[in-house]
Each structure stands twice: as structure tokens, then as C-alpha cells.
Amino acid sequence: MPSNKKILILPGDGIGVEVMNEVLNIIDWMVKNKSVSFEVTERLVGGTAYDKEGDSISDTTMEEALKVDAVLFGAVGGPKWDNIERSKRPEAGLLRLRKDLDLFANLRPAVVFDALAESSSLKLDIVKGLDILILRELTSGVYFGKPRGIEKIGNNEEKAIDTQSYTTSEVVRISRVAFDLAKKRSNNVTSVEKSNVMETGIFWRNVVKELHLKEYNDVKLDHMLADNCAMQLVRNPKQFDVILTDNLFGDLLSDIAAMLTGSLGMLPSASLGNIDENGKRAAMYEPVHGSAPDIAGQGKANPLAMIMSFAMMLKYSFDMNEDSELIEKAIQNVLSKGLRTPDIKQGSETAISTKDMGKAVIDELKHLSGK
Ligand code: IPM
Ligand code: MG
């Protein structure tokens, strides 16, 4: 019997709770049928945590996050909390988790399932078979740069500041992850910045170039400006393999990439830190979609990005490749049968609920594993 795997579950707000429930059912199924054991703790994060605990993430929850093997995160935010001070807003809890766990490498794979290629807003031949990976730097850049704030500079005049900054080691460590991942894929990295206008852009390009020359010249490397990359992603996305980019551009480009796959409800992500001296790597897994307050509580959310995030956890945190692939295969089969939540349905197809989609995945797991 493999040793316990400690997971912290943070469903968060809105549809985060609904999609996480479907993962909890899959965990139950695995424990009963696959002789694995997980030690699962569940806590609050985001607006729900603010309402009940006075902050978007409590220190106790943060301590727990630092102790476990992996964090599974749903989604945070909603109009209810739009007007509270920024440091306590739902998103602050998420940013603190990323920063305090030092999860600098955010992997956002955009894969088009054959059965869903028609749901993309792009023509079939442009997206069919697409398999790209956006690697987003997650703990620096304009999300965390100082100084930041709004200051008075005169009568009725204020000034708002955000700072984009990167150090050599920050760019080097994310670039290493990009090159290492590319080697296991199609061996092609596109590094994306705005070196035509930004100092950090020129810097980013030079640091990536130098590392490539010294250690990774067996990997194909291209550089691209971020605006062009946004265009190329909808013009000819299959030209990419790994897109390496900073925190803000990665945020934008991964939403574009998500739509190529048919829906934001289909994109999982893994956020990883460095491996420490005990061989442990901090890790958090979350769907790229948000809390979708407009459809929360209605059973309309697509749980597949959340379920695939769990599959990524099995692969990257627990070396359970077979089980991870089993879940992916189950999802593929469910989609091939034409089962669709509202976000991925076409024309006259009937949509099923969040719960029914979760059940369908478990039925497929049973079928595939003969249990
Ligand atoms: C994401 C989200 C977050 C981000 C928000 C919720 C703070 O959009 O993970 O892409 O901007 O990073
Ligand atoms: Mg985003």
C-alpha cells in the first residue's frame, strides 16, 4: 500500500465548489478501487474565507498549504467582494498561495480533444490535434513588482503605479523548466515578451538567449513579441510547442489558448516550485477558469478542467502516470459519446449537468478499469 498522499482541498467560491465536488467523488472512487490512500483536508479560500474567517486566506490554511504534498484549488472571486480592500480580496488569497509556496512555474496545457474540435470558435483544421503548453512565470513581474499603489500628486490628481520587474535568476529558472519540458515534447520553445518597448522585454530575451546558448542549444528556440503571439495563436496555433512567457502575458495568452480548445472549462493547470533538499516540490493544481458567479449554483459548470487538474496532480506530484492517463482517457471517452456541459455543447445537442458529467467520468473509469 503506497504511503499517504497529503492533499489540501480549497474549493473557493462560485463554481469552484461545484467542480471540486466532482473531484472529491473521483478521489473516493480511487480510494475504494485503486488501493491508493489520500489524506484530504479541506479549507476555505477566497470570498468565502473572507466572510467566515476575515481574510481571503487564513494563516492556518497557509500553514497547512506549506505542509501538504499538493494543493488542489477551485476558483475565487465574485461581485459580492468587489468593493473590499485589495489586500483582502478573494484574488489576494490565490496570489499569496502562489507567492508563499514559491510556485514560479505555471503549466497551462491547451489540448484540443478530437470530439471537441468543432466546439472551438476557430475552423476545425486550425485547431484539430492541437497540443501546446503555455508556461507562465507566476511569482514575479507586474503581479508582485514594487513600487505599486495609488498616490496623490496634486489637487484632484492622482497617480497609479504598477511595476514590472524581473531578475536574472527568476528568468533563468522558468526558462530551464521551459527547455526541460520542450525536450519531452516537440523540442521547441517560443519565448514571448515585448522587447520592442519594455526594458524587462529586452532583458528577458537576452537571459533566455544566453541560457539557451550555454545549456540548451539542442532545443529549437524562437522569440516572439507578445502582441504577435496573441495573433499567431488564433491564426496558426499549431506552430507552437512550448510558449515561455511572463506573468501578465501568460495570463492573457492562456485565456486565448483556452478558447482554442472549445471552452475555458477545459483547461487545467499546474503550478510548481523548485524541488527542496528533501526531494519535495511544492505544487498547486487549479483550473484556468474562474468562479463564474453568473452560473454558480445552477449545475451548469464544466467540471472537466478541475478533474484534469487533479489528473495533473497525480502525474506531477505523485508519479501516478497510469492513473493520470486513465482519467484523461475516461474524459476522452465521455466526450466521444457526445456528453456535453452547456459551455461545450453545439447547436441542438442537449447539455448535461455538472454532477452528471462527474458521474459519466466515474462510469468511464469503472468501465476502463473493469471495476
Ligand atoms: C488566472 C487568473 C488569476 C490571475 C486571477 C484570478 C488573480 O486570471 O489564474 O489566470 O490573474 O492570475
Ligand atoms: Mg487569468
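This is a predicted model: local features need pLDDT of at least 70, side-chain atom pairs count only at pLDDT 80 or more; totals for chains, interfaces and linings use all residues.
**View 1. The largest pocket and the residues at its centre.** The space within the largest pocket amounts to about 1200 Å³. Its lining comprises 42 residues, and those closest to the centre are Val76, Glu91, Leu94, Arg98 and Tyr143. By class, 18 of the lining residues are nonpolar, 16 are charged and eight are polar.

**View 2. Secondary-structure elements and domains around the largest pocket.** Two or more lining residues come from each of the strands β3 (70-75), β6 (145-154) and β12 (281-287) and from each of the helices α4 (90-100) and α9 (247-260). Helix α4 provides the largest share of this lining, with seven residues. Both domain 1 (1-110 + 264-371) and domain 2 (131-260) contribute at least three residues to the lining of the largest pocket.

**View 3. The surroundings of ligand 1.** Seen around ligand 1 are Glu91, Leu94, Arg98, Arg108, Arg136, Tyr143 and Asp251. Among these, Glu91, Leu94, Arg98 and Tyr143 are also listed with the residues closest to the centre of the largest pocket.

View 4. The side chain of Tyr143 places an N or O atom 2.5 Å from an oxygen atom of ligand 1. For Arg108, the distance from a side-chain N or O atom to an oxygen atom of the ligand is 2.8 Å. Arg136 likewise has a side-chain N or O atom 2.8 Å from an oxygen atom of ligand 1. On its own, ligand 1 has 320 Å² of accessible area, of which the protein covers 76%.

**View 5. The second largest pocket and the residues at its centre.** The second largest pocket has a volume of about 840 Å³. Of the 32 residues that line this pocket, Pro109, Arg185, Met312, Lys315 and Tyr316 lie nearest its centre. The lining consists of 19 nonpolar, nine charged and four polar residues.

**View 6. Secondary-structure elements and domains around the second largest pocket.** At least two lining residues are supplied by each of the strands β4 (105-111), β5 (131-137) and β11 (268-275), and by each of the helices α6 (168-183), α10 (304-316) and α11 (321-336). Strand β4 gives the largest share of the lining, five residues. Domain 1 (1-110 + 264-371) and domain 2 (131-260) each contribute at least three residues to the lining of the second largest pocket.

How values were computed
Residues are numbered from 1 along each chain as its sequence is written. Chains are lettered from A and ligands numbered from 1 in the order in which they are written. Side-chain values use heavy atoms; hydrogens and water are left out. On a 1 Å grid over the protein atoms alone, a cavity is a set of points where a 1.4 Å probe fits but cannot get out, and a pocket is an open set with protein on both sides within 12 Å along at least five of seven lines; lining residues have an atom within 4 Å of a point. Grid points are joined across faces, edges and corners, and a volume is the space filled by probe spheres set on the points. Helices (H or I, at least four residues) and strands (E, at least two) are DSSP runs, numbered from the N terminus. Ala, Val, Leu, Ile, Met, Phe, Trp, Tyr, Cys and Pro count as nonpolar, Asp, Glu, Lys and Arg as charged, and the others, Gly among them, as polar. Domain bounds come from an automatic or database domain assignment. A residue is near a molecule or strand if one of its heavy atoms lies within 4 Å of it. A polar contact is a pair of N or O atoms within 3.5 Å; within protein, one must be able to donate a hydrogen and the other to accept it, and residues adjacent in sequence count only if both atoms are side-chain atoms. Accessible areas come from the Shrake-Rupley method with a 1.4 Å probe; for residues, only the protein chains shown count as cover.
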